[in-house]
Amino acid sequence: MYKTHLGHQSYDFKTLRNLMAKASPPRSGDYLAGVAAGNNLERVAAQWVLADVPLKQFLNEALVPYELDEVTRLIIDGHDSGAFETISHLTVGDFRNWLLSEHATAETLTAIVPGLMPEMVAAVSKIMRIQDLILAAKKCRVITRFRGTIGLENRLSTRLQPNHPTDNPAGVAASLLDGLLYGCGDAVIGINPASDNLEATLRLLHMLDDVIERYQIPTQSCVLAHVTMTLKAIGQGAPVDLVFQSIAGTQKANDSFGINLNLLNEAHHAALDLKRGTLGGNCMYFETGQGSALSANAHEGLDQQTCEVRAYAVARKFKPLLVNTVVGFIGPEYLYDGKQIIRAGLEDHFCGKLLGLPMGCDVCYTNHAEADQDDMDMLLTAFAAAGGTFIMGVPGADDVMLNYQSTSFHDALYVRQVLGLRPAPEFEQWLQQHHIFNADNQLLQQPEAPALFKASLQKLIGIR
Amino acid sequence: MSKDDRSEIAQDPWSNLTQFTSARIALGRTGMSLPTRACLELQLAHALARDAVHIPLDFAGLAQRLNRLGYQSQTLQSQAENQTVYLQRPDLGRLLSASALDCLLRTAPIPADAVVVVADGLSSKAIENHAEPFLSLLLPHLEANGYKLPPVCLVKHGRVAIGDAIAEFYKARLCIILIGERPGLSSPDSMGIYYTYQAKSGISTDADRNCISNIHGNGLGYGQALKKLLFLINASEKLGFSGVNLKDETTDTALENQQQANFLLD
């Protein structure tokens, strides 16, 4: 069924799953899994064949069996054929044309979201160039709310990530204040706890809540512990704004994370019941990343990008405030170098946006990958041009707890400056009101720290 | 280095916060960008961390140091034959090489309660600096509590899951693996400990493990790490499992001592 000729060579791809994997742009994780195309010609042949596959075919041929996988069941059972109607006659190749045409607008794209299966979106991304991924994603509009409004046009939000190697409260507070004074933190103030410890989680949750309350910051907090830990914390009356969880695109991979859809549902309801959002009820924060399923040996023969997009089906069920693809975190065995990381970040953003998700990107790399700051600047700039929802803000780009490089507070200022992007409106107002930003959203030059924090800082004088 | 003696640089009036964290805060700015000095410091740190990934661990030296403490060890190799393969093939780093299996089979396998595995991972410096001092606390403790231990297994180019195969071989309930974590710019020598109860090769997943990370000079101390590990061991012996459903509920004395230091809220 999936056959073609290129020159004298004939190609016969046995299954849709196989075809998708072979059509994927090259990346080390697919070679590791043994599913990648053997050479460039085979990859292009697969892309030619894939372009002629009707979108409808994805409804008939599940890439992971329905009976075996709850993510597949979620996708198939949740498919809205009414919303699919507009594009149901298209092939994958036609769908690319449609996305880039004037027919695809913020309104029409929003309307088809419930009719899109992750696999259709993954398929079209495989035949799109980087400029296509940027242009089509830029058309999508996904707005979410908790204490601020995330995802408005020409806005770029930041997660302030004040991690500390031992969760020391003063150490966390120092990075937190540095970030706020550089204008970061409107997406969330989110800490990755160093220890998987209930007491530490509770302490951090209370601390963030106290800071947000005392300084009246229009943002939300998150301690990125396992969902079962956050449930325990909620049980103890902790002030939980957003529930965090890493998610993946197969049931088996989610098993290896110690989660399933029921557990996520339970956590979602527990957080909703707290009613802590003032502007809206989006109260989940998910993280994903290509390669996570394979690293748990749970990729079910899929390529890593298709696995990744299936994770977005899990995410969208719970109407998250934020979804973050932690693109270069997993290491060179999945994304080998800067080139692979850049493309993966833009694919993830496009696919997530098309599926209606508030996609952020942890523009990042590890020290064992073939990448450097220049590569991150390329991805950061392209991501923001594509209308990316949020990025990380880490002091000096160096996360001293997770041991990798992400984007810095300065990076966020750079990209807002170059592309004319603003923070979320409520946070922008707070920054201007407290003379951190001027009316043009530039940092104010001042000899002293802003008045709001002066008292806290003054206490420290002489305590070196 | 005085690369920034220029009037364009805005210093941050909160530089006294640097006493609380090793994070790169209060870097100042030129316009809204990073000043030259901070920019070059990041490049320097990256170059050092890149090098740390590729320096091999002195396995013979580590074995000698353990020997001086009175502990036998054996050096095993994963199926990743060199660092380049190791970085790109995590699957091979989880499997014992044929020669490693031979080596295990040659030493008469006495059933054991616990195995202690040390793998170079992504930072030989972490193991070089922290494995022996930590084991000098852990091993006497395990022995005093009646745990039977085979020689410490030192694994070249090993991933976390390689401990499962070793635990299975010795029919050990407890699998403790010390491994070099990915080097960060500010902590190129960070060691992690993974603990798995009743580890099974090819069956145990990350959800079955507990992790104690960031053991290094500016991170978690040996005593704290030991306390956490012993809590996990004792709790798993009672519950019959380790992993995500076993929570570390130790009181963190380090946190208690530092609590009053939170200037933002006092």
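# Reading two chains of a predicted model

Of the 266 residues of chain B, 48% count as buried, and this figure belongs to a model that is predicted.

User: What else describes chain B as a whole, in helices and strands and in its span along the principal axes?

Analyst: Chain B has 9 helices and 8 strands, and its C-alpha trace spans about 70 × 45 × 35 Å along the principal axes. When contacts in chain B between residues at least 6 apart in sequence are considered, 69% of them join residues at least 24 apart.

User: Why is Ala26(B) called buried?

Analyst: Ala26(B) has 21 other C-beta atoms within 10 Å, and the cut-off for a buried residue is 20 or more, so Ala26(B) counts as buried. This residue lies in the loop between strand 1 and strand 2 of chain B, and its phi is near 50°, a positive value in a residue other than glycine.

User: Why is Pro13(B) called partly exposed?

Analyst: Pro13(B) has 16 other C-beta atoms within 10 Å; a residue is exposed at 12 or fewer and buried at 20 or more, so a count of 16 falls in between and Pro13(B) is partly exposed. Pro13(B) lies in the loop between strand 1 (9-10) and strand 2 (29-30) of chain B, and although Pro13(B) and Ala26(B) are 13 residues apart along the chain, their C-alpha atoms are separated by 7.9 Å.

User: Which residues is Pro13(B) in contact with, leaving aside its neighbours within four places in sequence?

Analyst: With those neighbours left aside, Pro13(B) is in contact with Pro447(A), Glu448(A) and Ala449(A).

User: What makes Gln198(B) count as buried, exposed or partly exposed?

Analyst: Gln198(B) has 19 C-beta neighbours inside 10 Å, and because being buried takes 20 or more while being exposed takes 12 or fewer, Gln198(B) counts as partly exposed. The residue sits in the loop between strand 7 (191-197) and strand 8 (209-215) of chain B, and it has a positive phi of about 50° although it is not a glycine.

User: How many residues of each chain are in contact with the other chain, and which helix of chain A gives the most?

Analyst: 69 residues of chain A are in contact with 66 residues of chain B. Helix 11 of chain A gives the most to the side of chain A that touches chain B, with 9 residues; by class, that side has 30 nonpolar, 25 polar and 14 charged residues.

User: What makes strand 7 and strand 8 of chain A edge strands?

Analyst: In chain A, 8 strands form an open sheet in the order 7-6-5-12-11-10-9-8, with parallel pairing. Strand 7 (221-223) and strand 8 (243-246) each pair on one side only, and these are the edge strands. Neighbouring strands of this sheet are turned by 25° against each other on average, direction ignored.

User: How do you know that strand 5 and strand 6 of chain A pair?

Analyst: Two strands pair if there are at least two bridges between them, and 2 bridges join strand 5 (residues 157-160) to strand 6 (residues 188-191) of chain A, so the two strands meet that cut-off. They run parallel, and the bridge partner of Arg159(A) in strand 6 is Val188(A). Helix 12 of chain A packs on the sheet, touching strand 6 and strand 7, and its direction makes about 170° with that of strand 7.

User: Why is helix 5 called roughly perpendicular to helix 17 in chain A?

Analyst: The axes of helix 5 (residues 70-77) and helix 17 (residues 304-317) of chain A come within 10 Å and cross at roughly 65°. Angles of 65 to 115 degrees count as roughly perpendicular, so helix 5 of chain A is roughly perpendicular to helix 17 of chain A. Their crossing is left-handed, and the residues of the contact divide into 5 nonpolar, no polar and 2 charged.

User: Why is helix 10 called roughly parallel to helix 18 in chain A?

Analyst: The axes of helix 10 (residues 130-139) and helix 18 of chain A come within 9 Å and cross at roughly 30°. Angles under 35 degrees count as roughly parallel, so helix 10 of chain A is roughly parallel to helix 18 of chain A. This crossing is left-handed, and the residues of the contact divide into 7 nonpolar, 1 polar and 3 charged.

Technical notes:
Residues are numbered from 1 along each chain as its sequence is written. Chains are lettered from A and ligands numbered from 1 in the order in which they are written. This is a predicted model: local features need pLDDT of at least 70, side-chain atom pairs count only at pLDDT 80 or more; totals for chains, interfaces and linings use all residues. Two residues are in contact if their C-beta atoms, placed from the backbone, lie within 7 Å. Helices (H or I, at least four residues) and strands (E, at least two) are DSSP runs, numbered from the N terminus. Ala, Val, Leu, Ile, Met, Phe, Trp, Tyr, Cys and Pro count as nonpolar, Asp, Glu, Lys and Arg as charged, and the others, Gly among them, as polar. Axes are lines fitted to C-alpha atoms, for helices over the stretch in contact, and angles run from 0 to 180 degrees between N-to-C directions. Angles under 35 degrees count as roughly parallel, over 145 as roughly antiparallel, 65 to 115 as roughly perpendicular and the rest as oblique. A crossing is left-handed if the near helix is turned anticlockwise from the far one by less than a right angle, and right-handed if clockwise.
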